[in-house]
Amino acid sequence: MPESSKMETPDNNDAVVPRRDSGPPIEDHRPLLPTVDSDFIPPAHTPFPPKPSAWYTEIAHLLRIPTLRFCFTVFFIAPIALVAKGFVYQHASESFGWEMSTTTWLRVSQAIGASLVTLFSLPTLNALLRRRGLRAQQLDLGVLRGSLLIGAAGFAVLWQAKVSWVLVLALFICGLSEAIQPTNQGLATSLITKEYNARLFTTVAALETVGKLVGGPFQSVLFSIGRREGHGSLGVNFLASSGIFASLFVLALVVRVKR
């Protein structure tokens with residue numbers, strides 16, 4: 001039988017109410033909150049997130065890597081040269097008498113070259129060289145050198161094209177150089193740790209955008225050289241693009257990665 005105790009009530013001061021059996025004390029696991037007046041010092045092991053560094057500090061850290069400086073150079077300068085491909089269709093119309101509707105075949109030729117190198121050549125070459133123990137950085141640098149050389153050759157042929165079929169061939173060769181940007185990005189990513197990936201990608205996007213903004217007016221001025229009534233452009237912008245890729249190729253020969 002539960003014990004009884006007296007409890008005062010408004011009607012009866014001696015009313016008897018049953019007393020419940022007292023169980024084990026209930027523990028309160030909620031953390032104690034510091035009062036307003038108390039000096040709360042967190043324990044040393046409390047994990048506070050590190051203070052994020054400024055963007056310019058991260059970029060300065062990335063620029064300390066010599067090979068990465070070369071990659072940034074390619075990200076900025078290569079788009080300036082690649083803008084010249086947008087003038088090929090106007091060049092074909094003015095200098096070779098092509099209808100604008102038929103210049104689509106130039107884009108098809110370039111697309112075939114780009115598809116060949118990205119869907120077949122690069123995966124096959126990657127598999128063969130990996131079996132021989134070649135590191136990813138060496139592979140990316142080698143493919144980048146080859147792509148820059150192909151780009152220089154393609155734009156040189158484009159500059160010297162005198163007949164239509166050579167123009168189509170030149171666009172096909174230029175399409176084979178489409179591996180420049182992806183291999184350069186793969187090389188840059190392999191040089192840093194994961195916490196710098198976000199800063200790398202935003203920097204690359206900014207460099208490519210600025211390169212295209214600079215390349216548009218630059219290529220337009222060069223393309224206008226030699227243009228007059230009844231005469232097309234001399235194609236000096238294609239020669240300039242070939243020289244840009246040739247310079248980057250020479251610079252790539254100096255770059256070294258760990259073996």
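The questions and answers below concern a predicted model and set its computed values against the criteria behind each term.

Q: Why is helix α5 described as roughly antiparallel to helix α6?
A: The axes of α5 (residues 136-160) and α6 (residues 164-176) come within 8 Å and cross at roughly 165°. Angles over 145 degrees count as roughly antiparallel, and the crossing angle therefore makes α5 roughly antiparallel to α6. The crossing of these two helices is left-handed.

Q: Which residues make the contact of α5 and α6, and what is its make-up by class?
A: On the α5 side the contact is made by Ile-150, Ala-153, Gly-154, Phe-155, Val-157 and Leu-158, and on the α6 side by Val-166, Leu-167, Ala-170, Leu-171, Ile-173, Cys-174 and Leu-176. By class there are 12 nonpolar residues, one polar residue and no charged residues; Gly counts as polar under the scheme used.

Q: What makes the crossing of α3 and α4 oblique?
A: The axes of α3 and α4 (residues 104-131) come within 9 Å and cross at roughly 135°. Because roughly antiparallel requires an angle over 145 degrees and roughly perpendicular one of 65 to 115, the pair falls into the remaining class, and α3 is oblique to α4. This crossing is right-handed. Val-88, Tyr-89 and Ala-92 in α3 meet Leu-106, Arg-107 and Gln-110 in α4, and these residues divide into four nonpolar, one polar and one charged.

Q: How many salt bridges does a search of the whole structure find, and what makes the pairing of Lys-85 with Glu-178 a salt bridge?
A: The search finds two salt bridges. In the pair of Lys-85 and Glu-178 the closest N and O atoms are 2.5 Å apart, and the criterion asks for a side-chain nitrogen of Lys or Arg within 4 Å of a carboxyl oxygen of Asp or Glu, so the term applies. Lys-85 lies in the loop between α2 (66-82) and α3 (88-95), whereas Glu-178 lies in the loop between α6 and α7 (180-190), so the pair ties together parts that are 93 residues apart in sequence.

Q: Why does Lys-85 fall into one accessibility class and Glu-178 into another?
A: Buried means under 20% relative accessible area; Lys-85, at 10%, therefore counts as buried. Glu-178, at 28%, counts as partly exposed, because that class lies between the 20% and 50% limits.

Q: Why is Thr-67 called buried, and which residues does it touch?
A: Thr-67, found in helix α2, has a relative accessible area of 10% and is therefore buried, the limit being 20%. Not counting residues up to four places away in sequence, Thr-67 touches Leu-187, Leu-191, Val-255, Arg-256 and Val-257.

Q: Which residues of α7 are buried, and what covers them?
A: In α7 the buried residues are Ile-180, Gln-181, Thr-183, Asn-184, Leu-187 and Ala-188. What covers them includes α2, α5, α8 and α9.

Q: What makes Ser-242 a buried residue, and which residues are in contact with it?
A: Ser-242, in helix α9, has a relative accessible area of 11%, so it counts as buried against the limit of 20%. Leaving aside neighbours within four places in sequence, Ser-242 is in contact with Ala-152, Phe-155 and Ala-156. The C-alpha atoms of Ser-242 and Trp-159 are separated by 8.7 Å, although these residues are 83 residues apart along the chain.

Key:
Residues are numbered from 1 along each chain as its sequence is written. This is a predicted model: local features need pLDDT of at least 70, side-chain atom pairs count only at pLDDT 80 or more; totals for chains, interfaces and linings use all residues. Side-chain values use heavy atoms; hydrogens and water are left out. Axes are lines fitted to C-alpha atoms, for helices over the stretch in contact, and angles run from 0 to 180 degrees between N-to-C directions. Helices (H or I, at least four residues) and strands (E, at least two) are DSSP runs, numbered from the N terminus. Angles under 35 degrees count as roughly parallel, over 145 as roughly antiparallel, 65 to 115 as roughly perpendicular and the rest as oblique. A crossing is left-handed if the near helix is turned anticlockwise from the far one by less than a right angle, and right-handed if clockwise. Contact means heavy atoms within 4.5 Å. Buried means under 20% relative accessible area, exposed over 50%, partly exposed in between (1.4 Å probe, protein chains only).
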